[in-house]
Amino acid sequence: MTTIPPVGTQADTTDTSKATGPGVDYQAFLKLLVAEMKNQDPTEPMDATQQISQLAQFSSVEQAVQTNSKLDQLLASSSLSQADGIIGRTVTSADGTVKGVVESVRIYSDGMIATLVGGAQLPITAGIVISAGNE
C-alpha cells in the first residue's frame with residue numbers, strides 16, 4: 001500500500017486579514033488610516049484631496065478583499081465538482097506505479113489526494129490518467 005503524506009491544509013476562505021499582500025494586512029491598514037485621521041494637526045488639517053485619495057484606497061482594499069473571498073469560494077466549489085467527477089473512476093499515476101478505483105478525495109488548499117479502494121493514496125496532479133471504470 002502506497003501512502004502519500006498530506007500536501008497542505010484546508011483553505012480558510014473567511015480570513016481577510018492578509019488580502020492586501022506583503023507588509024501590511026487589511027486590519028493594520030484600517031487602524032493606520034483611522035489613527036492618522038484622529039491624530040492630524042488641527043491647525044493644519046489633512047488636505048481634502050489627500051483624504052479623498054485615502055478613502056478611495058480604503059474602498060479599493062475593501063473591494064479586493066471581497067473579490068478574493070468570492071474567488072476562494074469559487075475555487076472551493078470547482079474543487080468539489082472535480083472531486084465528485086473522479087470518484088468511482090480508475091486513476092493511474094503518471095509513472096504507472098499506482099493504479100486503482102477512486103473511493104474518496106481529500107481537498108487541500110494546494111491540491112487533491114485520491115484514496116483508492118485498498119487504501120493507496122494518489123495526488124491528483126498533471127500526468128495522471130483517469131479512465132471510465134474498473135480496469
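This is a predicted model: local features need pLDDT of at least 70, side-chain atom pairs count only at pLDDT 80 or more; totals for chains, interfaces and linings use all residues.
Local features were considered at pLDDT of at least 70, side-chain atom pairs only at pLDDT 80 or more, and totals for chains, interfaces and linings with all residues. Residues are numbered from 1 along each chain as its sequence is written, and side-chain values use heavy atoms, with hydrogens and water left out.

Helices and strands were taken as DSSP runs, numbered from the N terminus (H or I over at least four residues for helices, E over at least two for strands). Helix α2 comprises the 39 residues 48-86. Its end C-alpha atoms lie 57 Å apart, which agrees with the 57 Å that it should span at 1.5 Å a residue; the expected span is 1.5 Å times one less than the number of residues. The residues Q54, V61, V65, S69, S79, A83 and I86 of α2 are buried, where buried denotes under 20% relative accessible area, exposed over 50% and partly exposed the range in between, with a 1.4 Å probe and protein chains only. The elements covering these buried residues include α1, β2, β3, β4 and β5 (129-131), contact being defined as heavy atoms within 4.5 Å. After α2 comes G88, which has a positive phi near 90 degrees.

Helix α1 (26-38) has 13 residues and reaches 19 Å from its first C-alpha to its last, close to the expected 18 Å. Its buried residues are Y26, F29 and L33. They lie on the same side of α1, because they cover an arc of only 60 degrees around the axis, the arc being that of the directions from the helix axis to the C-beta atoms. An α-helix has 3.6 residues a turn, so residues three or four places apart point the same way. The buried residues of α1 pack against α2, whereas the face turned away from the buried side carries the exposed residues K31, L32 and K38.

Strand β3 (residues 111-116) is mostly covered, with five of its six residues buried. Strands are regarded as paired if DSSP finds at least two bridges between them. Strand β2 (residues 99-108) runs antiparallel to β3 and is joined to it by six bridges, with R106 opposite I113 in β3. A hairpin of two residues links β2 to β3. Strand β4 (residues 121-124) also pairs with β3 in the antiparallel sense, over four bridges, and M112 stands opposite I124 in β4. In the hairpin of β3 and β4, four residues lie between the strands, and G118 adopts a positive phi near 105 degrees.
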